[in-house]
Amino acid sequence: MLRIAKNLYDYRELMYTLAWKNIALRYKQAYLGIAWAIVKPLMLMLIFTLVRSFVGIDSGSVPYPVLTFAALMLWVFFQEAASEGVTSVVGNTALIRKIYFPREIFPLTSVLTKLVELGINFLIIMALMVWYGILPGPEVFWVPLLIAYTILAALTIAFVGAAINVYYRDVGNALPVLLSLVMYASPVIYPLHLVKDRLVTHQAAGEWSNLLYQVYLLNPLAGLIDSFQNIMLRGLPPDFQAMLPGFVLVLCLLPLSYLYFKRAEAYFADVI
Amino acid sequence: MSIIEVGHLSKEYRLGAMQGLKQTLLNSVAKLVGNKLKEPPPFKALNDISFSIEQGEVVGIIGHNGAGKSTLLKMLAGISTPTRGNITVQGRIAPLIEVGAGFVPDFTGRENVYLNGAIMGLSRKEIDQKFDEIVDFAEIEEFIDTPVKRYSSGMQVKLAFAVASSVEAEILIVDEVLAVGDLAFQRKCFDRMEDMIKRQARTVLLVSHNIRQVERLCSRALLLDHGRIIMDARAQETCNAYYEQNDLKIKHQAMMRHSNVSTTGEVELLDLFLTDFVGNKLNAIQYCADFTVVIRVRVNKPLVKPIIVFGVHTTDFVYITTAASPHEVRLLEFPCGVVEVKFVVERCPLLPGAYSVRLSLDVEDPIKNIFYGDNLINFTVVSSELQRTSSQCEGFFLLETKWNTPQYILD
């Protein structure tokens, strides 16, 4: 554990530089530059707001656009960090075959890159909050911890996915599709309390309801998005109960994912 | 304590394309059930290699294509993992395995220097300090803020070498990188390498097909052949062995080619070989030694006044030298049957290398060619005294000269 941390510290400059490369490369020769980072969540927010005007989703006390944007910025960060993490090793074939440094640098750098884009989206949500007159409480100090947790969740997928992707490129192709499905199983379009209402309060699935709700919460993003909305928009502390199942899952899977990556790493240069 | 210690190192690769998911699953099932798999035997890129390198040694690694040189370097640099055996390296390794591996075409020269420097393990501060020196060495001051994709390939390699060679590491691994840029820049790279080696006393591993370079820079050289170390000695000795190995290979290739023979059918060539003075057949001739040529032909129609011409050419058909049978032989008449002709070549003047033999038979009155063949047999000339890399070995044969004692001339 300590060794991993030391390694990361030793290679921090390389990670900064590679992250800077990813960002600079992505927006080079693009007139709008890094503003492209906000396009995806913003467009989705507009679409969802439009759809909601037909189907009616109860967003509680918070205006729907800002509620769904908060969910989207976290979701898009998670989704892109995970799927770029998965393709990061294969995408750096030239480096893998020529130079050695710890290979986990690649997935980590992808996450770091996405963090910058997340930062830009924070500016947008702040603008939206000003527009709707929402003032965050002292709970916002939870934000860094929530983001750290999101990173861990993304890395859980990224490590194992990146390693398998070296052998079977199917993973890199399948993952974005799968993740966009998971979005519907996450409280992005709708808030979490609607799910809780149906399952826990109304017992919509009969005796399975409570179990089903816990299964729903195994998705780390379910609890995360809800808590993020809590601290940013509702002035409430994070809902630890809702986060617990997902957190336990990540805590169990992340070490396995990392170990698998480290075991496979030795053969990357031969197979890639 | 050795700075690099390699013990019983082997690396195997599976031949053929990677198996699909289905095959992998089927194989795992078969393995579980205990069936034998129909897998091709693995390819041994490196086969049980052991050596150690001391601090400050400059070691060349030579060998034919696919001998395992680059695989070995990759293992040492930690890029690839051994199948068996172990490697211990004390100190930081700077792999110049392929310069410019991390270049991004869309980035400017400046950005690439920082990026590539970071990949090579330089800190930002170090790059800041060395930036001017790097740009200066690469001779691209005016283009430093232009995207690298607009550089000529020579400029890219220059910049890449400049960055890579500014890494300060105890161990340098260099793979064929000195052959970059124009002649003047190659010279510069070579000087920088020599400086790093001789003045800064770094440990260097150099892989090259440029044998002169290896001999000049290295104190010791390893000769790899099909994944094994077949020689580990002083650079000169190893280079000589490599040349001999190469000659054999060229000779072998020449033997695979068909001889070009044209004949009227009046004679057939039965046998043609070289022997030493007691009659043992030779494949390799000692430089400056005597050898005998034996020619056996079956004569189908009596030949009057035959002329036998024996010639030597290189494997790429540069005719070097020729000997025609003298007058006494020409006076003879070859009756029908088998005729053996022998002659001695004294003090073989051919310099070490691979050669081929041509043979021609003519008759006088009227002059007519009845047999001609080249690339008939192949042989090598070897020498234990001559350094193959020295200028004494340039060319094909020894020029016999008589030297006067140098005289001092008053002016």
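Tutor: Before anything else, helices (H or I, at least four residues) and strands (E, at least two) are DSSP runs, numbered from the N terminus. This is a predicted model, in which local features need pLDDT of at least 70 and side-chain atom pairs count only at pLDDT 80 or more, while totals for chains, interfaces and linings use all residues. Residues are numbered from 1 along each chain as its sequence is written, and chains are lettered from A in the order in which they are written.

Student: OK, how many helices and strands are in chain A?

Tutor: Chain A has 13 helices and 0 strands, so that from the N terminus on its elements read α-α-α-α-α-α-α-α-α-α-α-α-α. Its radius of gyration, taken over C-alpha atoms, is 19 Å, close to the 19 Å that the globule rule (2.2 Å times the number of residues to the power 0.38) gives for 272 residues, so chain A is as compact as a globular protein of that length.

Student: And how much of chain A is buried?

Tutor: Buried residues, meaning those with 20 or more other C-beta atoms within 10 Å of their own, with C-beta atoms placed from the backbone, make up 41% of the 272 residues in chain A.

Student: How do H4(A) and H8(A) pack?

Tutor: Helix H4 (residues 64-91) of chain A and helix H8 (residues 170-182) of chain A pack at about 175 degrees with their axes 9 Å apart, where axes are lines fitted to C-alpha atoms over the stretch in contact and angles run from 0 to 180 degrees between N-to-C directions. The two helices are therefore roughly antiparallel, a term for angles over 145 degrees.

Student: Which residues make that contact?

Tutor: Counting a contact when C-beta atoms, placed from the backbone, lie within 7 Å, the residues include A:Gln79, A:Ala82 and A:Val86 of H4(A) and A:Leu175 and A:Leu179 of H8(A).

Student: Switching to chain B, what does B:His313 pair with?

Tutor: B:His313 has B:Ser356 as its bridge partner in E19(B) and B:Tyr319 as its bridge partner in E16(B). Strands pair if DSSP finds at least two bridges between them; strand E15 (residues 306-314) of chain B pairs in the antiparallel sense with strand E19 (residues 353-363) of chain B over 9 bridges, and with strand E16 (residues 319-324) of chain B, again antiparallel, over 5 bridges.

Student: What about the hairpin of E15(B) and E16(B)?

Tutor: That hairpin has 4 residues between the strands, and B:Phe317 takes a positive phi near 60 degrees.

Conventions
A residue is buried if 20 or more other C-beta atoms lie within 10 Å of its own, exposed if 12 or fewer, and partly exposed in between; C-beta atoms are placed from the backbone. Angles under 35 degrees count as roughly parallel, over 145 as roughly antiparallel, 65 to 115 as roughly perpendicular and the rest as oblique. Two residues are in contact if their C-beta atoms, placed from the backbone, lie within 7 Å.
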